[in-house]
Amino acid sequence: MMSKPTLTEHRSPWVVFTSPADPWLASETAALVQRNGLVLRLDGREMQDAASVFRTFARDLSFLGYFGHNWDALVDCLHDWHGPGHENQDHAILIEHADDLLKSDFLGVFASVLAQVAWNSNLRLDADGKLDEWRQRIAQHFVLLLDHTAPAAFTEKAARGMDVAVALSDGRLLATLTDIDWPGGDPASALWTAGPLSFADQEILGGMTIKLFRDHLGCSIHEALDILQSRSEQLRREHSNG
């Protein structure tokens, strides 16, 4: 059984997709604030493309003028973010009304960027997995809040992100980084499904298999249906464009 995600501890999952009514969210944000942490809220409806993602983060988190408005710059600024008067405080960034991100073509890279930021901040490791003595560990996590979309529907697209691994647990979609390339992040027993969900493509094209998805991902029938539909639509688009 996978442990529940956290907003206060220095461990993965780094990104959580869930409902704003999830009791876990209320409990974790309260615990974070009680520890003098910050809960920061961004509006996912403003993130229509990559450029608007960069603008939203820069404006709402008061990035400094050197922010380069690209994905690498977002990693750097979020990793170094302290905010006005908030140096080295633990924090969670909630992206509210995030449903429409499912339609975006950047969701995979977005999930990867957020996970990389949290990995850096929480574990204080450099790219070689060694302790970075110049940085203080900060509990930093990201939550995408979905008003009317099942978190499982985001599984296929989130799993396209570079080095992203995903898992379904208690109705939430959890995202982390594969421990081969990003050491120190996850217990060896975690039931992560790494990489794009291509393991069942032939069966999908052949008309099979809710059971395969359910058994492979350890999810419910309803979650398997959401994932299967998302992957089927992607395969149809690839076929029509091919």
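**A guided tour around helix H3**

Begin by selecting Trp 71, Ala 73, Leu 74, Val 75, Cys 77, Leu 78 and His 79, which are buried residues of H3 (buried means under 20% relative accessible area, with a 1.4 Å probe and protein chains only; helices are DSSP runs of H or I of at least four residues, and strands are runs of E of at least two, numbered from the N terminus). The model is predicted, so local features need pLDDT of at least 70 and side-chain atom pairs pLDDT 80 or more, while totals for chains, interfaces and linings use all residues. Residues are numbered from 1 along each chain as its sequence is written, and side-chain values use heavy atoms, without hydrogens or water.

Because seven of its nine residues are buried, H3 is largely enclosed by the rest of the structure. Display next H2, S3, helix H4 (107–123) and strand S4 (140–145), against which the buried residues of H3 pack.

Now select helix H2 (residues 50–60) together with helix H3 (residues 71–79): they pack at an angle of about 20°, with their axes 11 Å apart (axes are lines fitted to C-alpha atoms over the stretch in contact, and angles run from 0 to 180 degrees between N-to-C directions). H2 is therefore roughly parallel to H3 (an angle under 35 degrees). Ala 50, Val 53, Phe 54 and Phe 57 of H2 meet Trp 71, Leu 74 and Leu 78 of H3 (contact means heavy atoms within 4.5 Å).

Finally, move to Asn 70, which caps the N-terminal end of H3, with a side-chain oxygen 3.2 Å from the backbone nitrogen of Asp 72.

Terms used
Parallel < 35°, antiparallel > 145°, perpendicular 65-115°, else oblique. Buried < 20%, exposed > 50% of the residue type's maximum accessible area, 1.4 Å probe, protein only. Polar contact = N/O pair within 3.5 Å; in protein donor to acceptor, adjacent residues only side chain to side chain.
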